[in-house]
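Hi everyone, thanks for making time for this one. Let me put the structure up, and then I'll walk you through how its parts pack together.

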Amino acid sequence: MNLFHYFRSGRCLIQDNPFAAAENAFCDVSACRIWVLEARTVIVTNLKPKTATISDMPAVVSALTLAFCADPFMRWMYPDPQQYLAHRPTFFRMIADIAIAHESAYIIGDSGGVALWLPPGTDFDGDEVFSLLQRTIVGRVLDDLFAMVKKAETYHPDEPSWYLPLIAVDPIQQGRGYGSSLLQYSLLQYDRDQKPAYLDNTNPANVPFYEHYGFEVVGTVQVGGSPPWFPMIRQPK
C-alpha cells in the first residue's frame, strides 16, 4: 500500500463559505448563473479555470493556507495558530508539487480558488509527509490521525480513480462561484475518462456542496477526540 494513501486530507472551502450550504435554485441570466442561497443572491463567475504551473506555487499555497484556517480537522491537527502557519503550508506545497507536475492543478481568479487533483494511479513517496507529521504533531493527536487515515483507506475506490485532496477558495473571494467553477471544470474532463472521483471531506458543512455535484458520502471516519471526516465518491456521468 502506498504510504501517501495514509495522508490524504480534506479539501474544501472553509466553514462559512456560502457554497457550503445547499444550493436551492439557479437560473441562467446574461451568461452568468445566479444561485439563490438562504435569501442571498450569489453570482457564479463566468471565469474559466486554468492549469497551474510552478510559477503559481506561492499563490496556490497562500490561498490554501488562508482557506483552511478554520477547517475543523486541520485545526484539530494544529490548534495553535503559529503551528498551523508554520507547518501546514509545507504539506500544501507537497501536494501542489505533485498536482502541478501532472498538470492537474487548477486555479481561478488570480489563484483565489485552487483545486489540486491527483490522476488515477498516481504514485507518491510518503516519507516526506510521514516525517513532517511526526515532527509537527505530537501525542494522542498523531496516533488518532494515523488510525483515521487507515480507516478512511477502506472507503476509497478499488478501481483507478481521480482523487481530490484539496480544493479551496481564499475567504475574501468566496461567494464568487470559484469553487463551483473549479469543480465543474475538472469533473467535465474526468467524466470523459469514465473514472470515479473521490475525496475525503473534513468539514461537514461542505457535504451539500459536494453532493450537488454528484458526490455521495460513503462513510464517517472518527477516532478518539478527532472531528469527523467524510469519504465521498462520485461515479462518472
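Before we look at the sheet, one convention: two strands count as paired if DSSP finds at least two bridges between them. And please keep in mind that this is a predicted model.

With that, what is the strand order in the open sheet? There are 7 strands, in the order 4-5-6-7-8-10-9, and the pairing is mixed. At the edges sit strand 4 (50-51) and strand 9 (216-217), each of which pairs on one side only.

Let's look inside the sheet. Strand 6, residues 113-118, pairs with strand 7, residues 162-169, in the antiparallel sense over 5 bridges.

Helix 3, residues 81-101, lies across strand 5 (105-108), strand 6 and strand 7, and runs at about 65 degrees to strand 6. Helix 6, residues 178-193, packs on the sheet as well, touching strand 5, strand 6, strand 7, strand 8 (197-201) and strand 10 (230-234). The direction of helix 6 makes about 145 degrees with that of strand 5.

On to helix against helix. The axes of helix 3 and helix 4 come within 11 Å and cross at roughly 170 degrees. Angles over 145 degrees count as roughly antiparallel, so helix 3 is roughly antiparallel to helix 4. From helix 3, the contact uses His-87, Thr-90, Phe-91 and Met-94, and from helix 4 it uses Glu-128, Val-129, Leu-132 and Thr-136. By class, that contact has 4 nonpolar, 3 polar and 1 charged.

Next pair: helix 4 (residues 127-136) and helix 5 (residues 139-153) have axes that come within 9 Å and cross at roughly 150 degrees. That angle makes helix 4 roughly antiparallel to helix 5. Here Phe-130, Leu-133 and Gln-134 of helix 4 meet Leu-142, Leu-145 and Phe-146 of helix 5. This contact divides into 5 nonpolar, 1 polar and no charged.

Which residues touch the most other members of the largest nonpolar core? Out of 45 residues, they are Leu-64, Leu-116 and Leu-133. Elements giving two or more residues to this core include helix 1 (57-67), helix 2 (72-77), strand 5 and helix 5. Its largest share, 9 residues, comes from helix 3.

Definitions and conventions:
Residues are numbered from 1 along each chain as its sequence is written. This is a predicted model: local features need pLDDT of at least 70, side-chain atom pairs count only at pLDDT 80 or more; totals for chains, interfaces and linings use all residues. Side-chain values use heavy atoms; hydrogens and water are left out. Axes are lines fitted to C-alpha atoms, for helices over the stretch in contact, and angles run from 0 to 180 degrees between N-to-C directions. Helices (H or I, at least four residues) and strands (E, at least two) are DSSP runs, numbered from the N terminus. Angles under 35 degrees count as roughly parallel, over 145 as roughly antiparallel, 65 to 115 as roughly perpendicular and the rest as oblique. Contact means heavy atoms within 4.5 Å. Ala, Val, Leu, Ile, Met, Phe, Trp, Tyr, Cys and Pro count as nonpolar, Asp, Glu, Lys and Arg as charged, and the others, Gly among them, as polar. A nonpolar core is a set of buried Ala, Val, Leu, Ile, Met, Phe, Trp, Tyr and Cys residues joined through side-chain atoms within 4.5 Å. Buried means under 20% relative accessible area, exposed over 50%, partly exposed in between (1.4 Å probe, protein chains only).
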